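Reader: Could you take me through one part of this model up close, the place where the two chains meet? I'd like the cut-offs spelled out as you go.

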There are 2 protein chains.
Amino acid sequence: MRQKLNIAFDADDTLWHSENHYHAAQDAFTHIVAPYGPGAEQALAALHEIEINNLASFGYGIKGFVLSMIEAAVKLSGGALRAVEVQAIIDLGRAMTIHEIILLPGAREAVLRLAEDHPILLITKGDLMDQQRKIRESGLAEYFSAVEIVPDKTPAIYETLLARHAIAPERFLMIGNSLRSDIMPALALGGYAVYVPYELSWAHEAAVELPTAVDGRYHEIASLADLPELVTRLEQNLPESR
Amino acid sequence: MRQKLNIAFDADDTLWHSENHYHAAQDAFTHIVAPYGPGAEQALAALHEIEINNLASFGYGIKGFVLSMIEAAVKLSGGALRAVEVQAIIDLGRAMTIHEIILLPGAREAVLRLAEDHPILLITKGDLMDQQRKIRESGLAEYFSAVEIVPDKTPAIYETLLARHAIAPERFLMIGNSLRSDIMPALALGGYAVYVPYELSWAHEAAVELPTAVDGRYHEIASLADLPELVTRLEQNLPESR
């Protein structure tokens, strides 16, 4: 009998567009603060610094992003930011919570095909309510055997999830667009990882190096359309169960 | 053999103080907006209205609360709010994410005692990262067989949780300080509920009526110190398993 992998998908920018909404909001942010002097590049650098500093307090997701935009705008304006501009930033965030969910190419087909003969997990971080809304509106919720919304995607958190779902790390395959959050932790635990780059990435991603020496456990594909075939190939090469 | 209940605790204001931090932040908020004219009562009414309107976009927890305070302050100031005041509101929120966890009277003893011979769930809503921080720092994490952080506490969400943990509703006991989020949903599903009022409550709670006609499934206690004895009594009266 063919050996099976336990498959888990990241959500934002793996199954559906997300970062484009952050980029659009950031672009609007640079226009809001432009009258106070900073160019777009300086404004984004200041925002990025504040975002990273705020991760420990406010975590991932839209709400923390909005709070960081407000703080960055206060700072970049030298304290001259007007209330109407603060409200405009909050409204950018509110709009992000209702954007239409647009699936990435091949996402629906890959999930449906793999769900036929695999239990599939969804593992995502961000604001609880926002993530649940997106999963609901994606039309894919019914194909996942479980959905895990986590505060961060560290190796320790993956380890907890694998234990909870009784998944052996050497049978685990994580699919995602983030080297830091999806690929590196899965490889570190001894699992498989399929990297599907998204057209945009968050500045926080930039510092990660590609993994090496992982014995065929790391793969990169251009689109989820290529995933089912890759999974079949990986499963043909799995050792027999003990 | 004695029949057992499946016990679940709410977290904020049931096991540890939380609402007092919201109240303190609200109090500071009324002082920030006071120079623009509104009295404390008017300021809190405006904040409450915006909080309720924002629940659908931003959900529960500190980050949504901070965004609502900022929006309320912008509105109450007639658009004259200064950037330094916006920053002060964000700093109130950041302070809330690091406050010391102070357990409520009897909480530790009740959890330890019941955990000896029951699997115990923790069911809480709010910001993921914030809730996980509090659970970690409470010193009680190891006593829970599972922790569920949910975007809202509706009967449908409780139903999903009970199914996931294979708990029969008529063997489910929910303990909490919120009639709306803890008590009513548990009773609606046919389970037991123990109401432990907290000294403060969020204005959103005020409109709920006490349940009636629930055949001994609803109980109120003044402190968790009274819980273990109540659980013993309830379990003595449980019908035999089928």
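Author: **Where chain A meets chain B**

The contact draws on 33 residues from chain A and 33 residues from chain B, with contact meaning heavy atoms within 4.5 Å. Before going further, some housekeeping: this is a predicted model, where local features need pLDDT of at least 70, side-chain atom pairs count only at pLDDT 80 or more, and totals for chains, interfaces and linings use all residues. Residues are numbered from 1 along each chain as its sequence is written, chains are lettered from A and ligands numbered from 1 in the order in which they are written, and side-chain values use heavy atoms, with hydrogens and water left out.

Between them, chain A and chain B bury about 2,800 Å², 68% of it on carbon and sulfur atoms; buried area is the accessible area (1.4 Å probe) that two parts lose on being put together, summed over both. On the chain A side, A:Phe58, A:Lys63 and A:Met129 supply 24% of the area that chain A buries against chain B, more than any other three residues.

Now for the charges. Side chains of opposite charge can pair when their charged atoms come close. There are 4 salt bridges between chain A and chain B, each a side-chain nitrogen of Lys or Arg within 4 Å of a carboxyl oxygen of Asp or Glu. A:Lys63 turns up again here: its side chain meets that of B:Asp127 in a salt bridge, 3.0 Å from N to O. Over all chains, the salt bridge count comes to 22. The pair of B:Asp127 and A:Lys63 crosses between chains, running from the loop between β2 (120–125) and α6 of chain B to helix α3 of chain A.

As for polar contacts, 11 residue pairs (both at pLDDT 80 or more) link chain A and chain B. The term covers N or O atoms within 3.5 Å; within protein, one must be able to donate a hydrogen and the other to accept it, and residues adjacent in sequence count only if both atoms are side-chain atoms.

Which elements of chain A supply at least two residues each to the side that touches chain B? They are α2 (40–58), α3 (62–76), α4 (83–96), α6 (128–138) and β3 (146–150). Helices (H or I, at least four residues) and strands (E, at least two) are DSSP runs, numbered from the N terminus.

By class, the residues on that side of chain A divide into 18 nonpolar, 10 polar and 5 charged. Here Ala, Val, Leu, Ile, Met, Phe, Trp, Tyr, Cys and Pro count as nonpolar, Asp, Glu, Lys and Arg as charged, and the others, Gly among them, as polar.
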